[in-house]
Amino acid sequence: MMERLRAVQGILFALFCALCAELFFFNFTVSSDYWSGAGRVAIIFLSLFILHRFALAAFSSYRPEPKDVFCLTLIIFGGIFTAWAGRIVALSLADYAMKIPYLRGLSAGSFYFAIPFAAGGLMLQAVLGLQHGLLYALASTIIVVVYFPSEPLLALYVLATSLMACLSLSRFRSRSAYIKAGLNVSFIAFAFALASVVIDGNPYVADIALRLVGAVVSGVLCTFAAAGVTPILEYLGGYVTDMRLLEMATLDHPLLKELSIRAPGTWNHSMVMGMMGESASEAIGANPISTRVGAYFHDIGKMTKPLYFVENQAGEDNRHDKLSPSMSALIIRSHVKEGIELAREHKLPRVIEDMIPQHHGLSRIEYFYEKARREAEEAGEDPDSVDPNLYSYPGPKPQTKEAGILMLADGIEASCRTLSEPTLDRIQGLVQKMINKVFASGELDECDLTLKDLHQIAKCFTRTLAGIYHQRIAYAEPAEKISEKEEEVVAEAALEDGAAETVAAGGAAKKPKVEGEERPAKEPRKEDLKRLGM
Ligand SMILES: [Fe+2]
Ligand SMILES: [Fe+2]
């Protein structure tokens, strides 16, 4: 069914683009009769349809929905219209220049360098990603080759500048990304213009100046066009660009402000996860901004009952002591549901909302599950009668690399806080153990993380955590005295059991002392919960 839908999408996309190109450009061709027109439409239709099929087969991330195909078609239509209008303006200006003696050497082709062919590539890269940008670049080149067969340099110019636009925007992830991408387009266009001057051996200074200035202007026009049109596409298509995510990453969002007041421990945990996730995503080619913003919002549901999560208890009694394990698990599980509700209420982008349930996947709340089994055993009941579903998160498992990274960062950050003396070796051991454990649990089965990615992620997490917790130890006040033996027991427990269900084997798990922060003497139960990320 899906296959058929994609085939139909491909046919409509290729046919519409081919007909538009013929409609706008048939006047510019040598043979403008019906038969030659039908031939050109057929060539472009077949080329674009095969291109669409090829992209489906080659790129796992190219799975366009109908609105995506509509957006791609619309932008290619915009490119065709821009080229048509640009050519008419170029011909008119060249005619006008013929009347002025010192501009007589100007040709219409020299004006083409100022046409912002690459703007479509920038827009598609921003809203739909690199694969759609590549498709735009190749489709535009095919159309130019068919309708302007005598100008191979123009076809290559369109291809190179469009690809450069896509590449540049994928590399720059800041508010000035469009400007930097536009400058890169100008740079490539300038090099093409210079090469064309050398190839043509054109002696007219005005013509040379026109090509070079035109090349710079095309990059500037691309920046303006992309910066102006992308927000409209974003609004109409419900797309989320990196620029929009960057706005959310400024911490000015009302939800984040509320989180910092009502659940400061969770806020701190989310910030550290943001740093871990960003560096890991950068290293494996995932989207670092999406991961960072996802980390900021992943536990917003905790702010409805912040004191049931140990990172927010700040020395107060553990509220779970008075509850049954099933009630505790219910409250802990509910932070996912409440997070999704808050995300919808505040209209967070779908990509961020999806990370809220996915950061726990289908994992089990081992601490309370084991507690329930223990209590059942003590009451003379069968421990297997405890329903594991009551202690498991609803899922789904992480579906993207970014969500997979968040799942790993969540457990590792919470566990790392309980390391009594977070040396580089201990952090490294903990990170590796935790990643192995999550991988073996099968929670990462549905995202695209490879073993190589996991290796890179482990390195980045270790570096980031060592930078945060190692320093905190270095600048801490004289630590509370705990015996060497006790510390060893705690560290061993963390490394052996890894995460969630770790019970500090008889020793009080200590978190690094931060300046001005008082450390409780012995809180094994609280520290256990920290390892659960609760
Ligand atoms: Fe969570
Ligand atoms: Fe978390």
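Which residues does Cys-17 touch, not counting residues up to four places away in sequence?

Analyst: This is a predicted model, in which local features need pLDDT of at least 70, side-chain atom pairs count only at pLDDT 80 or more, and totals for chains, interfaces and linings use all residues. Residues are numbered from 1 along each chain as its sequence is written, while chains are lettered from A and ligands numbered from 1 in the order in which they are written.

With residues up to four places away in sequence left out, Cys-17 touches Ile-44, Leu-48, Thr-73, Ile-76 and Ala-139; contact requires C-beta atoms, placed from the backbone, within 7 Å. Cys-17 and Leu-122 touch the most other members of the largest nonpolar core, which has 70 residues. Such a core is a set of buried Ala, Val, Leu, Ile, Met, Phe, Trp, Tyr and Cys residues joined through C-beta atoms within 7 Å. A residue is buried if 20 or more other C-beta atoms lie within 10 Å of its own, exposed if 12 or fewer, and partly exposed in between.

Among the elements giving two or more residues to this core are helix H1 (2–25), helix H2 (34–58) and helix H6 (130–147); helices are DSSP runs (H or I, at least four residues) numbered from the N terminus. H6 gives the most, with 10 residues. Apart from this core lies another, of 51 residues, including Met-273 and Leu-430.

In H2, the buried residues are Arg-40, Val-41, Ile-44, Ser-47, Leu-48 and His-52. The buried residues of H2 pack against H1 and H6.

Key:
Contact = placed C-beta atoms within 7 Å.
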